[in-house]
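Open the model in your viewer and get your selection tool ready. We will take a short walk, one selection at a time.

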Amino acid sequence: MSWEIVLFNSKQTIKVVEEIDEEFLEPTDFSTTLENHFINIEKDDNHRRVKGDNFEIEFFVDTENVSNKILNMYGEQGLFEIVLLAKLNGWQIFDTGVGQMIDLDKPEQNGYTTFNEHVNQILNDKK
């Protein structure tokens, strides 16, 4: 199962995405940074697929710098790889599955496990 995260490069510490001040967002070449960080990348036009041990990350290359980047994640280890990259670059991460910013110092608190719990709760509520 996949889920999406959004990378942000902002001078503002984002607590809630609804409170983002666009003045503090910084245009960034996320695509090049991602491609330089990961080794095993499949390229198909502007689509990229990072293949790692027990994870995959998919994204589309931008033609210009952007202030945020959506990534499709498969496997919990991918989240930890992106958290490392975010820490190195001063980025912040929003988890669309649970609607929260990820604590980069404790990503296990609101990352993949929380996402799976959220999905299971939704599925159980539909029964």
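This is a predicted model: local features need pLDDT of at least 70, side-chain atom pairs count only at pLDDT 80 or more; totals for chains, interfaces and linings use all residues.

Aspartate 45 counts as exposed because its relative accessibility is 71%, and exposed here means over 50%. Aspartate 45 sits in the loop between strand 2 and strand 3. Its phi is near 55°, which is a positive value in a residue other than glycine.

Now select the strands on either side of that loop. Strand 2 covers residues 41-44 and strand 3 covers residues 47-52; they run antiparallel and are joined by four bridges. Together strand 2 and strand 3 form a hairpin, with two residues between them.

Keep arginine 49 selected and look towards strand 4, where glutamate 58 stands opposite arginine 49. Strand 4 spans residues 55-60 and runs antiparallel to strand 3, with six bridges joining the two.

How many residues lie between the strands in the hairpin of strand 3 and strand 4? There are two.

For the last stop, select asparagine 54, in the loop between strand 3 and strand 4. Is asparagine 54 buried or exposed? With a relative accessibility of 73%, asparagine 54 counts as exposed, since the cut-off is over 50%. Asparagine 54 also has a positive phi, near 65°, in a residue other than glycine.

Note on methods
Residues are numbered from 1 along each chain as its sequence is written. Side-chain values use heavy atoms; hydrogens and water are left out. Two strands pair if DSSP finds at least two bridges between them. Buried means under 20% relative accessible area, exposed over 50%, partly exposed in between (1.4 Å probe, protein chains only).
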